[in-house]
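Subject: Structure for you to look at, with notes

Dear colleague,

I am passing on the structure below, and I would be grateful if you could look through it alongside these notes.

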Amino acid sequence: MKESDVPQDKSSLKENEIKELCYAVNDEGKYVTALSSGWETKTIVQEATLAQIQERIDDAKKQVAEGNSSPIVYFMEVNRMDIQTLCAYVSMWKWRVKRHFKPAVFNTLNNKILERYASAFNISVEELKAFKGK
């Protein structure tokens, strides 16, 4: 794209405070860097993605409130992790982490295990234990 064609549309990046670095071709045919405030197509995709993430967070919160899932599920979603990522952070097998998603199992976990989850979510053990989804 030509340097003059670098999109300057409204962005979802903090009211255009943040600029993206792009590569473009100048009038001499050489590649140069240019700043873009946004691109409408990209903004639409970002907003749709963020809405989907928020739906997953809201669903996880509801599952915790209804007693169907442990707080681990909610904080995993809030931190935009999938189960493989969480397993890597807490150094546990997938089957074990999935088992901790059950409220009855979660309520029996010792503080050493809870500290691993709290550290992964950057919260305290007390915050993890106290979250009820309400």
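This is a predicted model: local features need pLDDT of at least 70, side-chain atom pairs count only at pLDDT 80 or more; totals for chains, interfaces and linings use all residues.

Residues are numbered from 1 along each chain as its sequence is written, and side-chain values use heavy atoms, with hydrogens and water left out.

Aromatic pairs

Rings of Phe, Tyr and Trp (its six-membered ring) are taken as a pair if their centres lie within 6.5 Å, and the pair is called stacked with planes under 30 degrees apart, edge-to-face over 60 and tilted for the rest. By this rule there are 5 aromatic pairs. One of them joins Tyr74 and Phe131, which are stacked at 4.2 Å centre to centre with 15° between the planes. This pair links distant parts of the chain, since Tyr74 belongs to helix H2 (residues 71-78) and Phe131 to the segment after helix H7 (125-130), 57 residues apart; helices (H or I, at least four residues) and strands (E, at least two) are DSSP runs, numbered from the N terminus. Phe131 also pairs edge-to-face with Phe75, at 5.3 Å centre to centre and 65° between the planes. Phe75 lies in helix H2 and Phe131 in the segment after H7, so this pair ties together parts that are 56 residues apart in sequence.

For accessibility, buried means under 20% relative accessible area, exposed over 50% and partly exposed in between (1.4 Å probe, protein chains only). Tyr74 is buried at 15%, Phe131 is buried at 15%, and Phe75 is buried at 10%. Tyr74, Phe75, Tyr117, Phe121 and Phe131 form one aromatic cluster.

Salt bridges

A salt bridge here is a side-chain nitrogen of Lys or Arg within 4 Å of a carboxyl oxygen of Asp or Glu, and the count by this rule is 2. In one of them, the side chains of Glu20 and Lys42 meet at 2.3 Å, N to O. Glu20 lies in strand S1 (residues 20-25) and Lys42 in helix H1, so the pair ties together parts that are 22 residues apart in sequence. Glu20 is partly exposed at 25%, and Lys42 is partly exposed at 30%. A salt bridge also joins Glu77 and Arg56, with the closest N and O atoms 2.9 Å apart. Glu77 is in helix H2 and Arg56 in helix H1, so these two tie together parts that are 21 residues apart in sequence. Glu77 is buried at 12%, whereas Arg56 is partly exposed at 47%.

The loop between H1 and H2

Ser69 lies in the loop between helix H1 (40-65) and H2, and this residue is buried, with a relative accessible area of 14%. Leaving aside residues up to four places away in sequence, Ser69 touches Gln63, Val64, Phe101 and Pro103, where contact means heavy atoms within 4.5 Å.

Packing of H3 and H6

Helix H3 (residues 83-90) and helix H6 (residues 111-121) pack at an angle of about 115°, with their axes 9 Å apart; axes are lines fitted to C-alpha atoms, for helices over the stretch in contact, and angles run from 0 to 180 degrees between N-to-C directions. The contact is made by Leu86, Tyr89 and Val90 of H3 and by Arg116, Tyr117, Ala120 and Phe121 of H6.
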